[in-house]
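Here is a short report for a reader new to this structure. Take a look at the model before reading on.

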Amino acid sequence: MISEQKAQFVQLYQSQYRMVNQLCLGFMKGDSYQAKDLTQEVFIQVWNNLGKFRQDSSPKTWIYRITVNACLNYLKREKLHSEKLGEAFREQETTEEIKFTESDPVNALYKAMAGLSEVDRLVTGLLLEEVPQEEIATILGISDGNLRVKIHRIKLRLKKLINHE
């Protein structure tokens, strides 16, 4: 049983690592160290819950959900932590300017994504991973139509952030 579970985990890890890391990178606003830590946390959860996976959805969708939950939980913990540091620190943090460089469009995109909400960063990350829209809607628990509207609004917001409007 353990060797079968180990083989299944190794296959999932190899096939889904890049996607998980990319999503975490989007949530962590391009911070590769934090993204790698979160990616590791996701795969620890995958290992710990592999025996409980009911196959109601594809393993990829299941891992997306774990990734999203891990990232959102991290952001919640960070928000609580920053609130404890006081108002002055938060003001300094929110007045920081985001600077984009034309020479690194990928970095510019991740920095622009920092201006999006957590859910919008998730949607953007999934789109960058070329996940089908139907699967993204399933992951988020929204209709395809709602997702299309959300994507349109995200694109407009990213354009404004990148063009400093």
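Is Cys71 buried or exposed? Cys71 is buried, with a relative accessible area of 0%. Keep in mind that this is a predicted model.

Cys24 is in no disulfide, and the nearest cysteine sulfur, that of Cys71, is 3.8 Å away. A disulfide needs the sulfur atoms within 2.5 Å. The sulfur of Cys71 is therefore too far from that of Cys24 for a bond.

**Salt bridge**

Side chains of opposite charge can pair when their charged atoms come close. How many salt bridges does a search of the whole structure find? The search finds one. Its partners are Lys150 and Asp120, with the closest N and O atoms 3.7 Å apart. Lys150 sits in helix α8 (residues 144–162) and Asp120 in helix α6 (residues 118–128), so the pair ties together parts that are 30 residues apart in sequence.

**Accessibility of the residues discussed**

| Residue | Relative accessible area | Class |
|---|---|---|
| Cys71 | 0% | buried |
| Thr61 | 8% | buried |

**Thr61**

Where does Thr61 lie? Thr61 is part of helix α3, which covers residues 59–85. With 8% relative accessibility, Thr61 counts as buried, because the cut-off for buried is under 20%. Leaving aside residues up to four places away in sequence, Thr61 touches Glu135 and Ile139.

**Helices α7 and α8**

Helix α7 spans residues 133–140. At what angle do α7 and α8 pack? The angle is about 100°, and their axes are 9 Å apart. Angles of 65 to 115 degrees count as roughly perpendicular. The two helices, α7 and α8, are therefore roughly perpendicular to each other.

Which residues meet there? From α7 come Gln133, Glu134, Ile136, Ala137 and Leu140. From α8 come Asp144, Leu147, Arg148 and Ile151. By class, this contact of α7 with α8 has five nonpolar, one polar and three charged residues.

Technical notes
Residues are numbered from 1 along each chain as its sequence is written. This is a predicted model: local features need pLDDT of at least 70, side-chain atom pairs count only at pLDDT 80 or more; totals for chains, interfaces and linings use all residues. Side-chain values use heavy atoms; hydrogens and water are left out. Helices (H or I, at least four residues) and strands (E, at least two) are DSSP runs, numbered from the N terminus. Buried means under 20% relative accessible area, exposed over 50%, partly exposed in between (1.4 Å probe, protein chains only). Contact means heavy atoms within 4.5 Å. A salt bridge is a side-chain nitrogen of Lys or Arg within 4 Å of a carboxyl oxygen of Asp or Glu. Axes are lines fitted to C-alpha atoms, for helices over the stretch in contact, and angles run from 0 to 180 degrees between N-to-C directions. Angles under 35 degrees count as roughly parallel, over 145 as roughly antiparallel, 65 to 115 as roughly perpendicular and the rest as oblique. Ala, Val, Leu, Ile, Met, Phe, Trp, Tyr, Cys and Pro count as nonpolar, Asp, Glu, Lys and Arg as charged, and the others, Gly among them, as polar.
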